[in-house]
Amino acid sequence: MGIELAKTYDFKSTEQRLYAWWESKGYFSPINDPRKPGFNPSQKSFTISIPPPNVTGELHLGHAMFVAMEDLMIRYNRMKGNSTLWVPGMDHASIATQLQVEKMLQAEGVSREQLGREEFIKRTWEWKEKYGGIITKQIRRLGASCDWTRERFTMDEGLSKAVREAFVQLYEKGLIYRGKRLINWAPLLKTAVSELEVEYSEEPGFLYYFKYMLADDSGEFIPVATTRPETILGDSAVAVHPEDERYMKFIGHKVLVPVLGRTIPVIADDYVNRKFGTGALKITPAHDPNDYQIGQRHSLEFISIMDNTAHINENGGPYAGLDRFVARKKLWKDMKNAGLVIKEEPYTLNIPRSQRGGEIVEPMLSTQWFLRIKPLADEALKVVREGQIRIVPEHFTKVYYNWLENIQDWCISRQLWWGHRIPVWYCDDCGKEFSLREDPVECPNCQSRKIRQDPDVLDTWFSSGLWPFSTLGWPVETPDLKYFFPTSIMETGYDILFFWVARMIMFSMEFTHKIPFETVYLHGLVRDEEGHKLSKSKGYVMDPLIIMDEMGTDALRFTLLVGSTPGNDTNLNMKKVEANRNFANKIWNAGRFVISAIQNAPSKSGKEPAETLADRWILTRLNQLIRSVDRLFANFQYGEAGRQIYDFFWSEFADWYLEIAKLQMNESVERAHLTAKILAHVFDSSLRLLHPFTPFVTEELWGYLKPAASEKGFSPLGKAKPWEEALIIATWPESEETRFQEEETTKEFGSVMDIIREIRNMRAEKKVTPGKKIQAIFVSSEKLDLLKAQKTVLCALAHLDADSVSFQASLPKKLEKVVSLLVSGVEIHLPLAVMLDREADNSRLEKDLKEAQSQFERLEKLLSSDFASKAPPALVEKEKQKLIAYQETLAKLKDRMK
Ligand SMILES: [Zn+2]
């Protein structure tokens, strides 16, 4: 009779087995593959490049979110018949990786510098081969159907070539230059870092108020406040608002830098906020981004006061050599002694910390490589404005415009060893600088061999900016690049819209003259149940690996996918995951029933009967669901689509239709056969719809459904066609031409469901024993035929006594001792007397009797013991009263049970 399914769904034994099977069958590769014979360039492709996780990365919920979302898109499109490609890969993550290797060396007692650059890079590659890329294994556990045969790494040979080509092109165009600019400096790592590698945290601090004395010995001063007093050492002006009546008179005068005694000007600038602090600003152009701008506007002196370890340098006078925070304390103390301090007050600071090193990032002037990005930004603005690229949700478009319109030159150099080394050489003889596609052996200008390469490496985002096309082969015009590029969707978190997404668009327009992707889909961040951002340092961590171990991958995926709407954050809690594990079990249990019903169904005999109302209803609802899901998918409303499939499957198919199918399976042979066929069709379609959300449980069940259904001659999707090899490559369901009056069907069956629900509610309210069959009188002129036709369904699902149920067009006289309901225009009368259940009543009474008896005996024993003479009389009296009360209860109960 076919294979029987296990009683419960065992995701542990299923997931890895299915994943290995999918991969070994080559299902993750595009069906129309430019690398294989028979390739058809005109077939539609659907491509996603994975946001490359760091090679040092370990799976967190943020990864789980994008993997689940992208896999859903890929699986849906694969089933739609598109040639899908999901390109996986990893980022070399300069800083993170270098730190890991340095930590390892530290344990060996060697420093990076002792080892030397070449050896260090060799050791880093070794580390990468050995420990890197745990994350790709973890991504597999999520069910990611990426084409692993096309996996890339930002430092692999091809991608390194792409980086080199991109750099040289920009350099030759004069868009890359070297200069001294204000950048974010990480003193512990001793490198420039990008804004993305800076994490802001609110920390308690102080606002320090002090006097900027006028240089004219008048004894007058301008009060100024700062949160970083040590930067006073680098001040080159005091700025006030040009219309501030308090300070206008000082504009153009000189003031004295505390302790150092340098004279600096008082300047006027609109930027100054008169209401903040004292309304006067100290200006440190070399250590603050806003002051940097003011410094440029007013041609102020740029005084660097720190070295690359954030110790005070020679410009700090007596504080030279001190750590910045030691200098802060000492300077403030000295200023106090000099009578320059006004007050200090507690103040909450927004402290920029290095994401990797944890130290406070210092804005510093530094000689770095920059990319003049404005011309690239203009192109990137244009393609979004013209609608060539669509951003979902749309409101992020404004944020994108705003960022690109105000873009600053991009600092692309890092003082690290692990990464793409800047392809610029200097000649020690003629002093020329040059950038070449191939490593030179001599100076192209003077042929000297005394040349050295720039020591810095490129910002990691330089190579990831090339990702969508470099992974497909650029700068070589490969068959993959021709067919799969531009890609279809870039799916990522909204937090890296600028750092990454905008750069990919700029680079793609610059180097390929094509958009990199048609749509940018931004998902929200995953937060914990209280809405906190999940962060390791704050202990808000939920480990997706543990969740998958405990609840199964499908449960985690479904929770992430259904909880999400584009651009909105998702609060995740374990209760939701648990509920979705129950959903996976529900699918499994429904599957067991359906498959065994198909196996036990009679083979086709005689003429097929017409569908019942319930049949027509479930087929109609399925049709409506398919249409709705397609519409929602087209609008990126994946979460809502998942919710609708869930509701259909659980409430309509499993809770209603399966119950009715059970009845129909016991009717005629023809009816049983047709019911089994409909069960197969609806269940098959449901598994297909659910597959992109919960790939494992659906594929597993489909593997049982297929042989059972084929044996009975049932075709997939109710259409005459062969069953596919696997669900992952099966066809997506299409809604059928309307075969039934959809509206009438759902309305009619809706009334039947309402009636059953209301009777069930009334039974529960009156505490009628579950399963006890009761009498019912239905009165309706309009729906009489419908009710009569649905008698079996009504009786079975509302537990009515078929022999005593009656249907009438009208009531000759008013009924007595009945509970009456009015549902969808139908009067339902349920005789009360019959509803009262003598048996249940008695068992309840017996329970009460037992309880009263034991209390009575306990008190009797207590009152005949020492207690009666030794305990306080009031207490003894209280217990005596209790005894009497129980005596009375007992008598009453015994009386009722007679
Ligand atoms: Zn030279």
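In this predicted model, helix α23 passes α25 in a right-handed crossing. Helix α23 covers residues 742-765, and helix α25 covers residues 791-798. Two packed helices are described by the angle between their axes and the distance between the axes. Here the axes come within 9 Å and cross at roughly 30°. Angles under 35 degrees count as roughly parallel, so α23 is roughly parallel to α25. Which residues make the contact? On the α23 side they are V752, I755, I756, I759, R760 and R763. On the α25 side they are V793, L794, L797 and A798.

Stay with α23 and look at T745, which lies in this helix. Is T745 buried or exposed? Its relative accessibility is 2%. The cut-off for buried is under 20%, so T745 counts as buried. Now look at its surroundings, setting aside neighbours within four places in sequence. T745 is then in contact with L613, R616, W617, T620 and F740.

Next comes the zinc ion. Four cysteines supply its protein donors: C427, C430, C443 and C446. Each donates through its SG atom. The donor atoms lie 2.2 to 2.3 Å from the zinc ion. Along the chain, the donors follow the spacing C-x2-C-x12-C-x2-C. What is the geometry of the site? The angles among the four donor atoms are 104 to 115°. Four donors count as tetrahedral if all angles lie between 85 and 135 degrees, so this site is tetrahedral. For comparison, the ideal angle for four tetrahedral donors is 109.5 degrees.

C427 has a relative accessibility of 3%, so C427 counts as buried. C430 has a relative accessible area of 31%, so C430 is partly exposed.

Finally, turn to N54. Where does N54 lie? It sits in the loop between β1 (45-49) and α2 (61-79). Leave aside neighbours within four places in sequence, and N54 is in contact with D91, A93, I135 and R356. F210 gives another reference point for N54. The two residues are 156 residues apart in sequence. In space they are 46 Å apart, C-alpha to C-alpha.

Key:
Residues are numbered from 1 along each chain as its sequence is written. This is a predicted model: local features need pLDDT of at least 70, side-chain atom pairs count only at pLDDT 80 or more; totals for chains, interfaces and linings use all residues. Side-chain values use heavy atoms; hydrogens and water are left out. Donors are N, O and S atoms within 2.8 Å of the metal (3.2 Å for Na, K and Ca); water is not among the atoms, so sites may look incomplete. Four donors count as tetrahedral if all angles lie between 85 and 135 degrees; four count as square planar and six as octahedral if opposite donors are over 155 degrees apart and all others between 65 and 115; anything else is irregular. Buried means under 20% relative accessible area, exposed over 50%, partly exposed in between (1.4 Å probe, protein chains only). Helices (H or I, at least four residues) and strands (E, at least two) are DSSP runs, numbered from the N terminus. Contact means heavy atoms within 4.5 Å. Axes are lines fitted to C-alpha atoms, for helices over the stretch in contact, and angles run from 0 to 180 degrees between N-to-C directions. Angles under 35 degrees count as roughly parallel, over 145 as roughly antiparallel, 65 to 115 as roughly perpendicular and the rest as oblique. A crossing is left-handed if the near helix is turned anticlockwise from the far one by less than a right angle, and right-handed if clockwise.
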